[in-house]
Amino acid sequence: MTKIIAISNEKGGTGKTTTAVNLAAVFHNFGNRVLLIDSDPQMNATSSLGCNGRNENNYADLLNDTKDARQCVLHTDYCDLIPASARLGVAEKILASQGNHYRLAEALNFLDEYDYVIVDCPPRMDELVRNAFVAATDIIIPMSTSAYSMDGLMQVYSTIRMVQKYENPGLRINGLLCEMFDDRTILAGEVKEILNDIAKKLNTQVYGTAIHRIIRVDAATHRHMPVVVFDPKCTVSKDYTDLAMEVAYHAHSVH
Ligand SMILES: Nc1ncnc2c1ncn2[C@@H]1O[C@H](COP(=O)(O)OP(=O)(O)OP(=O)(O)O)[C@@H](O)[C@H]1O
Ligand SMILES: [Mg+2]
C-alpha cells in the first residue's frame, strides 16, 4: 500500500522542504517508486530538484482539474515530481471557497503505482495542507531546535485532530523531527527533552535521528540537487538515510 507522507509545520524555515526532497531521494535510492508533490507556492522543492522551468503542467492544474494527475508528473534523476507553480495560491483559494478537502486524495487514486508519495507543505494551515492531511497516511513534523519553533506546533496538531475526526481517522503523526541540530549547545539538549514531552502528548515520538546543521545543505540547494546526492558522505546525508529507515519502520508498523 502506498504510504503518503505530508511534511508539515505552520512555522516557516524548519527544514520541511529539505526533509521532503532528501527523504524522497533516499527512498528512491533504496529502490522504491517515489513521487514528491510540491504543495507550496514558494516552489522550493521544485527548484531544489532543478525543475523550475519544467512546470508547464503542475500541481495547480491537478487541483483545478484541468489536467489528469498523470499529465502533471515529471521524471527527474532523483524521484518523480509534481511541481508547484505560482498559480497554486489561486488554486488554494478556489478549493477553500468550495470547501473541497478531497481533491488530492481523489487524484492519488489514479497514481497508485508509488511506494511513497511525499507532500511538501507550505508554512501555514491552509486548504493545500488540509488536502495533504486528508490524503495522507502519515505526517512528519520537522522542528528546528530554536525555542521559537514550538510556536507552530499546536496549530498543526489541532488541524490533525480535526482531519482525524472528520475526514481521515487513520491519519497518524509518524514523528517529530529535530532539524538543524547542533549537539554542542546546551539549549539543543533542553529542547530535545521538551520535544519528547510534547511527542508523548501527541501520541507520537521524536525520531532517534536528528538532522545536523551543516553548510553543505545550502550548497546542495544552490546546485539544485538533494544533499544526499550532492555529497552522499556528509553528516546530513547519513542523517537522512537513518531517518528514512525510521520513517519507513513507523509507517509500516501496525498501531
Ligand atoms: N540541516 C541543515 N543545515 C543547514 N541548513 C539547513 C538545514 N536544513 C535546512 N537548511 C536551510 O534552512 C533554510 C530553510 O530550510 P527549508 O527551506 O527546508 O525550510 P522550510 O520549512 O521548507 O521553509 P518554508 O517554511 O519557507 O517552506 C534553507 O536555506 C535550507 O537550505
Ligand atoms: Mg519549504
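Reader: Which residues come nearest to ligand 1?
Author: This is a predicted model. In it, Gly12, Lys16, Thr17, Thr18 and Pro123 come nearest, out of 20 residues around ligand 1.
Reader: Which elements give two or more residues to that shell?
Author: Helix 1 (16-29) and helix 9 (216-222).
Reader: How do the shell residues divide into nonpolar, polar and charged?
Author: Six are nonpolar, nine polar and five charged.
Reader: What is Ala132 in contact with, leaving aside neighbours within four places in sequence?
Author: Ala6, Ser8, Ser39, Leu104, Val119 and Cys121.
Reader: Now strand 5. Why is it largely enclosed by the rest of the structure?
Author: Five of the five residues, 116-120, are buried, so strand 5 is largely enclosed.
Reader: Which of them point which way?
Author: Tyr116, Ile118 and Asp120 point one way, Val117 and Val119 the other. All are buried, Asp120 included.
Reader: What joins strand 1 to strand 5?
Author: Five bridges. Strand 1 covers residues 3-7 and runs parallel to strand 5. Ala6 stands opposite Val119 there. Both Ala6 and Val119 are also contacts of Ala132.
Reader: And in which sense do strand 2 and strand 5 pair, parallel or antiparallel?
Author: Parallel, over five bridges, with strand 2 at residues 34-38. In that pairing, Leu35 stands opposite Val117.

Definitions and conventions:
Residues are numbered from 1 along each chain as its sequence is written. Chains are lettered from A and ligands numbered from 1 in the order in which they are written. This is a predicted model: local features need pLDDT of at least 70, side-chain atom pairs count only at pLDDT 80 or more; totals for chains, interfaces and linings use all residues. A residue is near a molecule or strand if its C-beta atom, placed from the backbone, lies within 6 Å of it. Helices (H or I, at least four residues) and strands (E, at least two) are DSSP runs, numbered from the N terminus. Ala, Val, Leu, Ile, Met, Phe, Trp, Tyr, Cys and Pro count as nonpolar, Asp, Glu, Lys and Arg as charged, and the others, Gly among them, as polar. Two residues are in contact if their C-beta atoms, placed from the backbone, lie within 7 Å. A residue is buried if 20 or more other C-beta atoms lie within 10 Å of its own, exposed if 12 or fewer, and partly exposed in between; C-beta atoms are placed from the backbone. Two strands pair if DSSP finds at least two bridges between them.
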